[in-house]
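Hi,

Here is the structure I promised to pass on. Have a look, and then read my notes below.

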Amino acid sequence: MVETLRWVGDPDGGRLWLIDQTRLPTEMVEIEIGTVEEAWEAIKSLRIRGAPAIGIAAAYGSVLGMQPFGNADRDDWLAHFRKTTDYLAGSRPTAVNLFWALDRQRARVDALVVDDADPQELQQALLEEAEKIHAEDRQMCRAIGRWGADLLKHQTGVLTHCNAGGLATADYGTALAVIFAAAEEGKCLSVYADETRPLLQGARLTAWELQQRDIDVTVICDSMAAQVMREGKIQAVVTGADRIASNGDVANKIGTYQVALVAAAHKIPFYVAAPSSTFDLSLADGSEIPIEQRDAREITHGFGRQTTPDGMKVYNPAFDVTPAHLVTAIICEHGVIDPVDTAQVEKMLTAH
Ligand code: MRU
């Protein structure tokens, strides 16, 4: 099986390989990322995407960024390291996993600098830390799957939005981990995948991942969710998250908030699955979460065809915030947060 991303080689000359997700579902192509600029571009253009996968890619990106400075003196190395991590942090603003992973790299370097480490040792440590972040994400996804599977009953319909699967993480996913784990327990599920305008992560990626695993999946346009719920086809909604504030407000792909409102109107539970690396306890609530604005051409010329008149005004926020009161429970690697409020979020995250 091809991995979402993988590092090949040593700290000084190694390269990052990743599946170019912009080419799926019709082409499965791995691309080689050899410079920090290529890593930045891959994150910005969504070749690699999904909050945890962005964090892992940025961690490896920092290793690539420091490869030209193996012979620099330590102060120069540190100055370039700061520039490199700041540069990567500017690739996308919403998924907090990006900043979390870069902070892990900075903390690792800071700890070694105190011990007088030289650039070679620092470079080695950057790769070790990136590999640790990668491996931990794998474990967190499996744990999310185990906790979440209990929430889905046999023979039910589950709606998901965007792609929170193996492609969005080290592997196995967050929202899709819940579905995969339930299916592995023998539960028969009918999954509905919102196509997820404008970049179609649901139609292109979630549908592809579920099909690969022989799980029944039906793609619907985003605007069909209410009707499909009214027809009684959905008994639970599970999505991922890009950033969760202290009070449990959830930023996720644009359209998630709408799905949560519709689920509430139909009294259908709305679950969010995300690792602890997606929580941002520095924010009291979701109003402070930066929302990425993306290029108008994603809407006016989606997938190569002009679909609006010339010069059309476009608004293209890539994420929205679902208020905590619409979230039935949050599934993280430590357990299930229910009810979703500041006290429960804090209790779950600080106990571990
Ligand atoms: O713009 P994207 O494709 O990076 O957005 C991804 C999402 O919104 C996912 O649902 C989220 O990152 C969770 S991934 C496990």
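Predicted model: local features only at pLDDT ≥ 70, side-chain atom pairs only at ≥ 80, totals over all residues.

Residues are numbered from 1 along each chain as its sequence is written, and side-chain values use heavy atoms, with hydrogens and water left out.

The protein has 11 helices and 14 strands (DSSP runs, helices being H or I of at least four residues and strands E of at least two, numbered from the N terminus). Its C-alpha trace spans about 65 × 55 × 40 Å along the principal axes. Buried residues (under 20% relative accessible area, 1.4 Å probe, protein chains only) make up 55% of the 352.

Now the cores, meaning sets of buried Ala, Val, Leu, Ile, Met, Phe, Trp, Tyr and Cys residues joined through side-chain atoms within 4.5 Å. The largest nonpolar core has 39 residues, and Leu16, Ile33, Ile48 and Trp77 touch the most other members. Elements giving two or more residues to this core include strand E2 (15-19), helix H2 (51-66) and helix H3 (74-89). H2 gives the most, with 11 residues. Apart from this core lies another, of 30 residues, among them Tyr192, Ile234, Val237 and Ala274.

What is isoleucine 48 in contact with, leaving aside its neighbours within four places in sequence? Its partners (heavy atoms within 4.5 Å) include Leu5, Leu18, Ala42, Ile54 and Ala57.

Cheers

Definitions and conventions. Buried < 20%, exposed > 50% of the residue type's maximum accessible area, 1.4 Å probe, protein only.
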